[in-house]
Amino acid sequence: GDSYEPDLGWQPQPPTIGWWRRSLSFISLPTRGLPRYNVRLFVVKVNAAGKLEWKKEFGSNGHNLGNSAIEVADGYVVVGALDKDSTVIKLNKATGSTLWSQTHDYGGSDAIEHIVALENGFAAVGYVDAVDDDNTFFTEGKGRLMFLDQNGERQADRTLNAHMAQAYRLALHENHLFVSGLTEAAADYVL
């Protein structure tokens, strides 16, 4: 179909994730700025006709990433990193206003790559101790599984490094979590 290209006064990089949902809206998380210097997490929502509904920007100058987002009953949950620390932000669907925002330092340069809603909170995956934190695809880090409460507060976490260097996506199926990612040196995919 037709694509929407708003005049924002800058050229975004390709979005890291976006989707059509029940609300027939599209959420996109393009990177705004140049890596290492002036990058901000940027969230854009357009409707089914391609009309801009709202846009929000998070983080100050520095290393900030928007990695993925999910729709929940009362908002959107966006994950990534702010100033090289894992972040999870819940936004109001209608306005994009921040309902809550949490940032967690899991070690070194770290980020949340993906999140799923659980009955009493969220499970998230990502990486810690990134060696190549300027790389926005594979950071040579250590895989991590994180559990957060319904307000994004850290509850528990565990290493996945014996299985993967970067946990990339997470799925919930019949009360089981499935994690996919990349092995050390991005040599192979792993589930």
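This is a predicted model: local features need pLDDT of at least 70, side-chain atom pairs count only at pLDDT 80 or more; totals for chains, interfaces and linings use all residues.

Student: Which side chain meets that of Asp74 in a salt bridge?

Tutor: Side chains of opposite charge can pair when their charged atoms come close. A salt bridge here is a side-chain nitrogen of Lys or Arg within 4 Å of a carboxyl oxygen of Asp or Glu. At 2.7 Å from N to O, the partner of Asp74 is Lys90.

Student: Where do Lys90 and Asp74 lie in the chain?

Tutor: Strands are DSSP runs (E, at least two residues), numbered from the N terminus. Lys90 is in strand β8 (residues 85-91), and Asp74 is in the loop between β6 (65-72) and β7 (75-82). The pair links distant parts of the chain, 16 residues apart.

Student: Is Lys90 buried or exposed?

Tutor: The relative accessible area of Lys90 is 9%. Because that value falls under the cut-off given above, Lys90 is buried.

Student: Which residues are linked with Asp157 in a network of salt bridges?

Tutor: The side chains of Arg144 and Asp157 meet in a salt bridge at 2.4 Å, N to O. Arg144 lies in strand β12 (residues 142-148) and Asp157 in strand β13 (residues 154-159), so this pair ties together parts 13 residues apart in sequence. Asp157 also forms a salt bridge with Arg154, with the closest N and O atoms 3.2 Å apart. The residues networked with Asp157 are Arg144 and Arg154.

Student: What are the relative accessible areas of Arg144, Asp157 and Arg154?

Tutor: Arg144 is buried, at 18%. Asp157 is partly exposed, at 24%. Arg154 is also partly exposed, and its value is 37%.

Student: How many salt bridges does the count come to?

Tutor: The count follows the nitrogen-to-oxygen rule stated earlier. Among those described here are Lys90 with Asp74 and Arg144 with Asp157. The count comes to five.

Student: How much of the chain do buried residues make up?

Tutor: The chain has 191 residues. Of these, the buried ones make up 47%.

Conventions
Residues are numbered from 1 along each chain as its sequence is written. Side-chain values use heavy atoms; hydrogens and water are left out. Buried means under 20% relative accessible area, exposed over 50%, partly exposed in between (1.4 Å probe, protein chains only). Helices (H or I, at least four residues) and strands (E, at least two) are DSSP runs, numbered from the N terminus.
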